[in-house]
Amino acid sequence: MKQYITQNFNISPSVFDFGEEVLKSIDFKIIDDIARYNQLKVLKAFQNNRVSDVHFNSTTGYGYDDAGREVIDNIYAEVFGAEDALVRHNIINGTHAISLCLFAVLRPGDTLVAVTGKPYDTLEEVIGICGENNGSLKDFGVNYKQVDLIDGKVDYNKIMSTIDKSTKAVIIQKSKGYSFRPSLSCDDIKKIIETVKGINPDTICIVDNCYGEFAEKIEPTQAGVDLMAGSLIKNPGGGLVSTGGYIAGKKEYVELASYKLNSVGLGKHVGATLGMNKEILQGFFMAPITVANSIKTAKFCGAIYEKLGFTVSPSSDDMRTDIIQAIKFGTEEGVVKFCQGIQQGAPVDSFVTPEPWDMPGYSHQVIMAAGAFNQGSSIELSADGPITEPYIAYMQGGLTFESGYLGVLKSVQKLKDSKLINL
Ligand SMILES: *Cc1c(COP(=O)(O)O)cnc(C)c1O
């Protein structure tokens, strides 16, 4: 093994040995246990819904009577413990799915409160925190308030003083996204919802669940959330789905979201699936194991950089509730070399050298390592680093732990070659 890796991947023997030492110090028992549970939960839903090859058939045009589309919605709803779900290849990404949820339930004069700090960057324009006359929520007269985190923790007191009878909806972000804070567990989410509903039981609680699916044995919809959304090129697509998003939650809200995606009155029961059903089903079936591979990669990466003396989040023995590993490098060069190393571990475009660029929807330059079968897929090994203080890189994904492992070693090698670390 050592000879094969050092000779074929330009890894120094010292880097390999360091990797072995770190591997010995961590264990994957909890991750495997969660994966087995979730795999069986998914299997059970497939069996209960009598999935058969007729569900792999394709529809065109209006897409009436698409049995596969209906079974997919039912399986997602069952696995996530939700009343209903809307899973579609023409939901472009996570931003689109979350945006549909917000526009589905908010009306002019309503107030939305972000209770876990500033939402993910791409939602700023959707809400209207930035941009004008563009059809954002603000443009349609929806008020917005934000309860910031304190030292990365939920500020329950501030939530209690902000929520009132006029609060129509709250948005909760489960995963850390591009911020250096602990990701929330479903227990945390339950506590937030109890706090919010304790003051105004009619508040619609929406969760941005991107990167969170299958990291725990339950999902936010099983912790009291009314509506949640995510991307199919992240966790629930299992790395197999080429494009799409999902929404799950209370039936009436899912219906409203389907009106936004399609047309008022048309809703869920139309939309050609164009041959996507099989990959959406197979991807969801694989997702618990793919997520486990990603979390193992994240845990290995966290343990490696922790041992090298960097501040990491989560730390190697923290509970994990999403697939992200953040590493604070403190220098632009650290972030850049790390991402370039991750890229070299990819099955696709391993020969490409990523550089920082002005990415649409983000307010600063970003470097992205992405060597993926599906463009932008971040359940596949990938890393992003906003080029701004304090220079943090966020790594996620890994279809297999064995390939993710190599990407992490390549990143260490890259830092060593640039003399940013001694090994
Ligand atoms: C990925 C992500 C989103 C949405 O991003 P898309 O690129 O539009 O899928 C939103 N919130 C969080 C926390 C995310 O990780």
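Q: Which hand does the crossing of α11 and α12 have, left or right?
A: The model is predicted: local features need pLDDT of at least 70, side-chain atom pairs count only at pLDDT 80 or more, and totals for chains, interfaces and linings use all residues. Residues are numbered from 1 along each chain as its sequence is written, and side-chain values use heavy atoms, without hydrogens and water. For α11 and α12, the crossing is right-handed.

Q: At roughly what angle do the axes of α11 and α12 cross?
A: Helices (DSSP runs of H or I, at least four residues) and strands (runs of E, at least two) are numbered from the N terminus. Axes are lines fitted to C-alpha atoms, for helices over the stretch in contact, and angles run from 0 to 180 degrees between N-to-C directions. Helix α11 spans residues 332-344, and its axis comes within 7 Å of that of α12. The two axes cross at roughly 140°.

Q: How do α11 and α12 lie to each other?
A: Angles under 35 degrees count as roughly parallel, over 145 as roughly antiparallel, 65 to 115 as roughly perpendicular and the rest as oblique. The axes of α11 and α12 cross at roughly 140°. The two helices are therefore oblique.

Q: Which residues of α12 make the contact with α11?
A: Contact means heavy atoms within 4.5 Å. From α11 come G334, K337, F338, Q340, G341, I342 and Q344. From α12 come G407, V408, K410, S411, K414 and L415.

Q: How many charged residues has the contact of α11 with α12?
A: Ala, Val, Leu, Ile, Met, Phe, Trp, Tyr, Cys and Pro count as nonpolar, Asp, Glu, Lys and Arg as charged, and the others, Gly among them, as polar. This contact has 4 nonpolar and 6 polar residues. Its charged residues number 3.

Q: How do α10 and α12 lie to each other?
A: Helix α10 covers residues 277-307 and α12 covers residues 401-417. Their axes are 8 Å apart, at an angle of about 25°. The helices are therefore roughly parallel.

Q: Which residues of α10 make the contact with α12?
A: The crossing of α10 and α12 is right-handed. On the α12 side, the contact uses F401, G404, Y405, V408, L409, S411, V412 and L415. On the α10 side, it uses N293, K296, T297, F300, C301, I304 and Y305.

Q: How does α2 lie to α12?
A: The axes of α2 (residues 13-25) and α12 come within 10 Å. They cross at roughly 130°. That makes α2, relative to α12, oblique.

Q: How far is a nitrogen atom of the ligand from an N or O atom in the side chain of D208?
A: Residues that surround the ligand (a heavy atom within 4 Å) include N93, Y120, Q173, D208 and K234. An oxygen atom of the ligand is 3.1 Å from an N or O atom in the K234 side chain. For the ligand nitrogen and the D208 side chain, the distance is 2.5 Å.

Q: What is omega for the cis peptide bond that joins E389 and P390?
A: P390 sits in the loop between β11 (382-386) and β12 (392-396). The cis bond from E389 to P390 has an omega of about -5°.

Definitions and conventions. Left-handed = near helix turned anticlockwise from the far one by under 90°. Polar contact = N/O pair within 3.5 Å; in protein donor to acceptor, adjacent residues only side chain to side chain.
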